[in-house]
Structures are given as structure tokens and as C-alpha cells.
Amino acid sequence: MCSSCGRPQSAARRRCAFCDAELPEAPLPPLAPPPQSPGRPPLSLDLGNRRALVVSGDRLSFQGRPGGGPPLDVAWARVRRLEWRTRPYLEALGLLAFTALGLWAPAREVRLMALVAGALGLLLTALYRHHGLTVEVEDGTRLRWPLGMALRGSAREARLKAARAALEDTGRERGVPLASPGA
């Protein structure tokens, strides 16, 4: 609560969003552990880069970044469909614009740097993959959870593949299909 204007504030802020006055120090509430089902312990899948996917008895949760807010979670009873997406790192192809512009440069060194930038963009596109999970709930809403980017053959990619396999097994047990766009 702001002591100057009296409006409620988030505990994570240091200054009032309305009057920009300094807020008194307020402790953040502790994160409550997800409720556990009596049958199975929750399965926490570390995706790397401080991201986690938690599959518990009655909930599916995604933590994008610790400190970035509460985890996003959905009750398994509401989940109708899961879709795992993997795509190339197409953003790296933006370096080809520098290649196209650099080819008209009068200096040979600039043309060489432009060609190196283009080759680097193609290499990054070939080697890196973006992974994401789309959760479709009963009312048709689609939640897109970015799981991260990984170099082909890396330990991070192995963790993402293990998470996909675990999610596929759990979804099969609950009658929720896990699809891939190409399948």
C-alpha cells in the first residue's frame, strides 16, 4: 500500500505506480508448493535456463523464470489437448539483411564481414531450435508456453526431449493427446 496516495501496490515494486513515491519495505509472500495428489509425487522437469515444467497429480504447471511471477498452472481436468512445437531459429536469418546490404559496399573488408554475418545467420538457423508447448483447455483457449531454445545435440536439448517424453506418458495416462505440428 502506498503511504502517499493510499493505492494498493504489488509487493515486488519499489516505487508507487501512480504517484512514484517510494514504497515501504514489504516482504514477498512465500511461494506455496503445488498441491500433491495422494497417488504420485509431482514430477518436476528442469528445462534449463531457470525454466521448469511440473506435472503433478491434478495440475500441469510452467515456471518461465523464477521471480518473474507465479507459475502458470492448469488443472488436468481442464486440459483437452497438448501440442509440442519445435521450430528452427529463424530470427537469425535477419543477419542476411546485412549480407545483402554489405554486397554493395565499396570496401572489400565490409563485403567480407557481410558474408561472414550471412554465414553465421545460416549456421545459427541450422543449429538452434525453439521449443514450445501449447495447452488447449476445455473452453478452447490456447496457452502458449515458451520452453526455450537449445543447440542440437546439447544437454539442454536432451532435457527438453526427456520433458516431452514424460509429458507424453502422463498425457496418455490422462487421455490427453500430445501432438506435434508435423505429425
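Two strands pair if DSSP finds at least two bridges between them. Helices (H or I, at least four residues) and strands (E, at least two) are DSSP runs, numbered from the N terminus. This is a predicted model: local features need pLDDT of at least 70, side-chain atom pairs count only at pLDDT 80 or more, and totals for chains, interfaces and linings use all residues. Residues are numbered from 1 along each chain as its sequence is written, and side-chain values use heavy atoms, with hydrogens and water left out.

**Exercise 1. Work out the order of the open sheet of 4 strands and find its edges.**

Step 1. The order is 1-2-3-4, and the pairing is antiparallel.

Step 2. Strand 1 (43–48) and strand 4 (72–75) each have a single partner strand, so one side of each lacks a neighbour in the sheet. These two are the edges.

Step 3. From one strand to the next, the twist averages 10°. Axes are lines fitted to C-alpha atoms, for helices over the stretch in contact, and angles run from 0 to 180 degrees between N-to-C directions.

Step 4. Helix 3 (residues 155–174) packs on the sheet and touches strand 1, strand 2 and strand 3. The direction of helix 3 makes about 150° with that of strand 1.

Step 5. Strand 2 (residues 51–55) pairs with strand 3 in the antiparallel sense, over 4 bridges. Ala-52 sits opposite Gln-63 in strand 3.

**Exercise 2. Trace the pairing of strand 6 with strand 5 and strand 7.**

Step 1. Strand 5 (residues 79–88) and strand 6 run antiparallel, joined by 9 bridges. Trp-84 faces Leu-133 in strand 6 as its opposite residue.

Step 2. Strand 6 and strand 7 (residues 142–151) also run antiparallel, with 9 bridges. Here His-130 is opposite Met-149 in strand 7.

Step 3. Strand 6 and strand 7 form a hairpin with 4 residues between them. In the turn, Gly-140 has a positive phi of about 90°.

Step 4. Strand 6 (residues 128–137) is mostly covered, with 7 of its 10 residues buried.

**Exercise 3. Check the span of helix 2 and identify its buried face.**

Step 1. Helix 2 (residues 108–127) has 20 residues, which at 1.5 Å a residue should span 28 Å. The expected span is 1.5 Å times one less than the number of residues. The end C-alpha atoms are 29 Å apart, which agrees.

Step 2. Ala-114, Ala-117, Gly-118, Gly-121 and Thr-125 are buried.

Step 3. Down the axis, the buried residues of helix 2 fall within an arc of 95°, so they line one face. The arc is that of the directions from the helix axis to the C-beta atoms.

Step 4. The face turned away carries the exposed residues Arg-108, Glu-109, Leu-112, Met-113 and Val-116.

Step 5. The cover over the buried residues includes strand 5, helix 1 (95–102) and strand 6.

Technical notes. Contact means heavy atoms within 4.5 Å. Buried means under 20% relative accessible area, exposed over 50%, partly exposed in between (1.4 Å probe, protein chains only).
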